Amino acid sequence: MLAITYAAALYGIDGFPVTVECTASRGLASFEIVGLPDAAVRESEKRIFTGAANCGFPLPDMETVVNLAPADRKKEGTALEMAILCALYKSCGVLGDECDLTKMCFIGEISFSGESRPVRGVLGMTLAAISAGKTE
């Protein structure tokens, strides 16, 4: 099932909106992030899956692909983890259809305990989210 959430990233000090598209299907358990992620974004898999399991909401073993759009801009840091986690929950069916994520922008790092951690550059990312019409 395809799920879409929204986040923001930084280019210097300026933020830009990021669309997180996630698809999860039955098959051999795998996880891949595409769309020019840096090393910290690629490593987010461990934090997301461990944090989800440690807070009591483990993600099922599925074949999962996450696309970070726009694909031509590099995404750095850990600020996209909360948006990726929400997209994973939506695509796996943990969050139902009644949960509307289209007006929300998710920014935050996930700890191994499942807590949300602050990230740098939130002001620029928030301004980008507001410009993109995200109100929650």
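The conversation below concerns a predicted model and the reasons behind the words used for it.

Biologist: How many helices and strands does the protein have, and in what order do they run?

Modeller: The protein has 4 helices and 6 strands. Starting at the N terminus, the order of the elements is β-β-β-α-α-β-α-β-β-α.

Biologist: What makes the protein as compact as a globular protein of its length?

Modeller: The radius of gyration is 14 Å, and the globule rule gives 14 Å for 136 residues; the two values are close, so the protein is as compact as a globular protein of that length. Along the principal axes, the C-alpha trace spans about 40 × 30 × 30 Å.

Biologist: What share of the residues counts as buried, and what does the protein expose?

Modeller: Of the 136 residues, 41% count as buried.

Biologist: What share of the contacts with a separation of 6 or more comes from residues 24 or more positions apart?

Modeller: Such residues account for 74% of those contacts.

Biologist: How do you know that β1 and β2 are paired?

Modeller: Two strands pair if there are at least two bridges between them. Together β1 and β2 form a hairpin with 2 residues between them. In that turn, Gly12 has a positive phi of about 75°.

Biologist: Which strand is joined to β3, and in which direction do the two run?

Modeller: Strand β4 (residues 63-69) is joined to β3 by 5 bridges, and the two run parallel. As at least two bridges are required, β3 and β4 also count as a pair. The bridge partner of Phe31 in β4 is Thr64.

Biologist: Which residues of β3 lie on its covered face, and which on its uncovered face?

Modeller: In β3 (residues 30-34), Phe31 and Ile33 make up the covered face. Ser30, Glu32 and Val34 make up the uncovered face.

Biologist: Why is Thr64 called buried?

Modeller: Buried means under 20% relative accessible area. Thr64 has 4%, so it is buried. This residue of strand β4 has contacts beyond its neighbours within four places in sequence, among them Cys22, Phe31 and Leu88.

Biologist: Why is Met62 given the word buried as well?

Modeller: The relative accessible area of Met62 is 13%, which is under 20%, so the term applies. Met62 lies in the loop between α2 (44-54) and β4. Its contacts, leaving aside neighbours within four places in sequence, include Ala24, Leu28 and Cys92. Met1 is 61 residues away from Met62 along the chain, while their C-alpha atoms are separated by 11 Å.

Biologist: Why is Leu36 called partly exposed?

Modeller: Partly exposed covers values between the 20% limit for buried and the 50% limit for exposed. Leu36 is at 43%, so it falls into that range. Leu36 is located in the loop between β3 and α1 (39-42). Although Leu36 is not a glycine, its phi is positive, about 60°.

Biologist: What makes Val94 partly exposed?

Modeller: Val94 has 43% relative accessibility, which lies between 20% and 50%, so the term is partly exposed. Its place is in the loop between α3 and β5 (109-110). Val94 and Leu59 are 35 residues apart in sequence, and their C-alpha atoms are 8.5 Å apart in space.

Biologist: What makes helix α3 mostly covered?

Modeller: In α3 (residues 81-91), 11 of the 11 residues are buried. Among them are Glu81, Leu85, Tyr89 and Lys90. Gly93 follows α3 and has a positive phi, near 90°.

Biologist: Which residues does the cis peptide bond join?

Modeller: The cis bond joins Ala69 and Pro70, with omega about 10°. Pro70 lies in the loop between β4 and α3.

Biologist: Where do the mean positions of the charges lie relative to each other?

Modeller: The mean positions of the 12 positive and 17 negative charges are 3 Å apart.

Notes:
Residues are numbered from 1 along each chain as its sequence is written. This is a predicted model: local features need pLDDT of at least 70, side-chain atom pairs count only at pLDDT 80 or more; totals for chains, interfaces and linings use all residues. Side-chain values use heavy atoms; hydrogens and water are left out. Buried means under 20% relative accessible area, exposed over 50%, partly exposed in between (1.4 Å probe, protein chains only). The radius of gyration is taken over C-alpha atoms; the globule rule is 2.2 Å times the number of residues to the power 0.38. Contact means heavy atoms within 4.5 Å. Lys and Arg count as positive and Asp and Glu as negative; His and the chain ends are not counted. The place of a charge is taken as NZ of Lys, CZ of Arg, CG of Asp or CD of Glu.
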